[in-house]
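Here is a short briefing to read alongside the sequence and the model. Please take a moment to look at both before moving on.

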Amino acid sequence: MTDVVSAVLLLGGALSCLLGAFGLLRLPDLPGRLQAATKPQTLGLLLILAGTALRVELESAVTLLLVGLFQVITAPVISQLLGRSAYRAGAVRRDLLVADELAGKMPEEDES
């Protein structure tokens with residue numbers, strides 16, 4: 001039974017990573033690509049780590065837990081920093097944004 005659950009988790013994680021890779025290639029703008037690069041990849045990695053944790057000893061499973069925790073903490077932060085940098089650099093088309101929460105927080109541009 002453990003082998004079946006592990007295989008399902010590993011295949012689900014691989015599928016999630018694959019869908020994230022397709023989204024990264026197919027989505028038209030930077031915010032969409034950031035979504036595809038972080039959420040499905042993080043979910044896929046967590047599923048793969050869970051599937052692997054079922055197959056290894058407890059000490060190794062704890063290490064995999066730490067890897068998953070590090071990924072969950074760092075991926076949104078890096079995505080946020082990349083998105084904000086792209087917004088400041090003008091790489092994000094502001095006319096396509098549904099909500100522009102950074103518009104009021106950005107410093108005024110020099111008119112000279």
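Predicted model: local features only at pLDDT ≥ 70, side-chain atom pairs only at ≥ 80, totals over all residues.

Residues are numbered from 1 along each chain as its sequence is written, and side-chain values use heavy atoms, with hydrogens and water left out.

**Overall fold**

- The protein chain has three helices and zero strands (DSSP runs, numbered from the N terminus: H or I of at least four residues for helices, E of at least two for strands), giving the pattern α-α-α along the sequence.
- Its C-alpha trace spans about 65 × 30 × 20 Å along the principal axes.
- The radius of gyration of the protein chain is 18 Å, whereas a compact globule of 112 residues would have one near 13 Å (taken over C-alpha atoms; the globule rule is 2.2 Å times the number of residues to the power 0.38).
- Of the 112 residues, 21% are buried (under 20% relative accessible area, 1.4 Å probe, protein chains only).

**The largest pocket**

- The largest pocket has a volume of about 580 Å³.
- Among the 20 residues that line the largest pocket, Pro31, Leu34, Gln35, Gln80 and Gly83 are the closest to its centre.
- Helix H2 (30–53) and helix H3 (58–89) each supply at least two lining residues.
- The largest pocket lies between domain 1 (1–55) and domain 2 (57–88), because both give residues to its lining (bounds from an automatic or database domain assignment).

**Terms for the pocket**

- A pocket is an open set of points on a 1 Å grid over the protein atoms alone, where a 1.4 Å probe fits, with protein on both sides within 12 Å along at least five of seven lines; lining residues have an atom within 4 Å of a point.
- Grid points are joined across faces, edges and corners, and the volume is the space filled by probe spheres set on the points.

Notes:
Buried < 20%, exposed > 50% of the residue type's maximum accessible area, 1.4 Å probe, protein only.
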